[in-house]
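The entries below record what I looked up, in order.

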Amino acid sequence: MRTVTGPSDRIVVVGAGLSGLAAALHLVGAGRTVTLLERADHPGGRVGRYRGPDYEIDSGATILTLPNLIDRTLAAVGSSTAEHNLVIHRVDPGYRARFADGSVIGVYSDPERMAAELRRTCGDDTARRYLDLRGWLARIYDAAYDQFMDTNFDSPLDMVRIPAKRAALWELVRLGAFGRLGPRVQRILGAEQPARLFTFQALYAGTAPDQALAVYGAIPHMDTSLGVYFPVGGMRAITAALAAAFTGAGGRLELNCEVTGIEYAAGRARRVRTADGRGVDCDAVVLTADLGSLDRFGIRRRRPLRAAPSAVVAHGTVPARIAAQWPLQAHHTIDFGRQWTRTFTEIAAGRGRGRLMSDPSLLLTRPALTDPGQFIARATGRHEPLSLLAPCPNLDAAPLDWARLGPAYLRELLDVLEERGYRGIADHFTVDHLDTPQTWSDRGMIAGTPFSAAHLFRQTGPFRTRNLVRTAANVVLAGCGTTPGVGVPTALLSGKLAAERITGGVRHADGGTSPTGALGLPATH
């Protein structure tokens with residue numbers, strides 16, 4: 001594995017999102033002097049927070065998979081979730097899905113309970129087929145994790161010249177992992193509607209299920225078999241704990257610190273410039289800026305990238321008495337439209353051909369149902385935080401005027417939900433923050449999407465943007481745009497992999513190397 005050359009004692013990490021925090025913890029744990037610079041007033045990045053008048057709400061991810069990656073990241077400095085009072089609960093069911101015909105399916109990680117749910121809703125044949133699907137997804141995950149996710153690539157040739165990677169590649173080929181995910185899942189299950197529960201995650205990878213590589217079956221395996229989790233205090237509690245562990249181990253965290261550029265000499269980063277003019281000298285830099293912001297740090301992409309679809313996300317509150325009358329009471333509700341395939345054709349289209357969903361599929365998140373401490377007491381009665389996510393095309397696919405369109409489109413989505421039985425949402429959902437492709441773009445995200453580069457074959461695995469920068473001998477990238485990709489677990493892995501490019505290898509304090517996957521996880525820890 002190639003590593004940063006020259007001295008590497010003083011490291012500057014730019015960005016205190018999950019990948020930056022993970023990199024910083026692994027570097028401090030390896031004995032480096034680390035300064036972590038964050039432009040916001042709190043750590044978190046895409047897993048940050050928004051403040052309302054009397055509440056806080058997660059600004060990004062709303063659930064966690066592979067929670068033992070949090071343990072392993074903290075273990076890099078000899079810390080633990082218990083030390084930081086971080087309590088993580090399993091969400092069960094992880095999702096409740098509602099379909100246009102009125103049917104409802106809960107997604108359970110326990111195989112017998114999930115099979116029973118499918119037997120109740122779809123019949124004995126689908127329940128039997130589910131167990132076959134679960135086994136196939138598990139084999140995809142087991143083959144992909146160590147050698148394709150939790151790994152650094154120096155070249156695509158690593159897949160054939162490194163024995164362990166070559167063996168994993170052949171296993172993935174044998175499993176059909178380079179075919180298409182959507183058709184394979186539907187063929188195994190034999191039913192279109194339940195197949196959506198194991199393919200909608202392709203949105204995270206930035207492609208339509210019918211076009212996504214089957215290797216991304218690793219994502220629904222994490223989501224539906226290994227379980228989804230939520231920490232008390234929200235996802236923002238995770239980044240707060242990681243930041244506290246970093247400073248507790250001797251790291252230096254500077255908030256409200258805007259990085260404006262990097263100064264180079266003889267092909268090496270020598271100093272990170274800050275908006276206040278101070279700057280920080282360095283031996284190496286871990287840069288977590290989005291791919292759409294790399295130019296201002298003197299790093300240019302060698303080839304154009306296809307961006308993933310984007311999303312419109314509304315955050316706010318709703319009276320608990322109104323939400324209690326809605327069709328489903330769940331942390332996560334996926335309300336599917338009837339035209340599933342057409343939806344992805346619309347939002348994942350190529351440049352200039354994207355459209356808003358004509359038959360929306362929407363995600364509603366109500367975290368207080370898992371974490372009652374998030375209910376809000378007001379003079380008018382108890383309220384709860386609510387987030388509504390609607391996938392949409394990115395700005396390359398559809399360069400819409402979101403400053404004008406955003407509020408009107410949100411009203412249209414609320415009217416759709418009102419018609420689907422979410423009575424009172426149109427009149428009683430108080431929105432305090434609305435994110436659109438334009439707000440993501442304003443933060444430097446490529447094509448206005450928080451999901452970064454799409455995981456097409458040419459942009460995945462060893463073909464994804466490298467984390468070791470070619471034009472600077474001591475700059476390493478981390479985050480969802482680089483290895484291994486988009487998501488909470490992958491962001492944590494990305495930070496660790498970036499640290500390995502500097503240290504030459506990271507050993508966890510607990511002696512572990514990667515999540516055990518099928519061995520199972522505790523419901524609370």
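Entry 1, terms. Before turning to helix counts and positions, I note that helices are DSSP runs of H or I with at least four residues, numbered from the N terminus. I also note that the model is a predicted one.

I looked up the secondary structure and found 17 helices and 20 strands in the chain. I then compared the radius of gyration with the rule for a compact globule: 525 residues would give a value near 24 Å, and the chain has 22 Å, which agrees. Along the principal axes, the C-alpha atoms fill a box of roughly 65 × 60 × 50 Å. Of the 525 residues, 61% are buried.

Entry 3, a charged patch. I asked which residues gather in a patch of negative charge on the surface. They are E412, D415, E419 and D427. Helix α14, which spans residues 402-419, supplies the largest share of this patch, with three residues. I looked at E419 in particular, which is found in helix α14. Its relative accessible area is 65%, and E419 is therefore exposed, the cut-off being over 50%.

I recorded that the structure holds 33 salt bridges. In one of them, the side chains of R161 and D158 meet at 3.1 Å, N to O. Both residues belong to helix α5 (residues 158-161); because they are three residues apart, about one helical turn separates them. R161 is partly exposed at 49% relative accessibility, whereas D158 is buried at 4%.

I then turned to E192 and R196, whose side chains form a salt bridge at 2.9 Å, N to O. The two lie four residues apart in helix α8 (residues 192-196), about one turn of the helix. Here E192 is partly exposed, with 30% relative accessibility, and R196 is buried, with 4%.

Which parts does the pair R420 and D335 tie together? I first noted that their side chains meet in a salt bridge of 2.8 Å, N to O. R420 lies in the loop between α14 and α15 (425-428) and D335 in strand β15 (residues 332-335), so the pair joins parts that are 85 residues apart in sequence. I checked accessibility as well: both R420 and D335 are buried.

How values were computed. Residues are numbered from 1 along each chain as its sequence is written. This is a predicted model: local features need pLDDT of at least 70, side-chain atom pairs count only at pLDDT 80 or more; totals for chains, interfaces and linings use all residues. Side-chain values use heavy atoms; hydrogens and water are left out. Patches are made of residues with over 30% relative accessible area and no salt bridge: like charges are joined within 9 Å, nonpolar side chains (Val, Leu, Ile, Met, Phe, Trp, Tyr) within 5 Å. Accessible areas come from the Shrake-Rupley method with a 1.4 Å probe; for residues, only the protein chains shown count as cover. A salt bridge is a side-chain nitrogen of Lys or Arg within 4 Å of a carboxyl oxygen of Asp or Glu. Lys and Arg count as positive and Asp and Glu as negative; His and the chain ends are not counted. The place of a charge is taken as NZ of Lys, CZ of Arg, CG of Asp or CD of Glu. Buried means under 20% relative accessible area, exposed over 50%, partly exposed in between (1.4 Å probe, protein chains only). The radius of gyration is taken over C-alpha atoms; the globule rule is 2.2 Å times the number of residues to the power 0.38.
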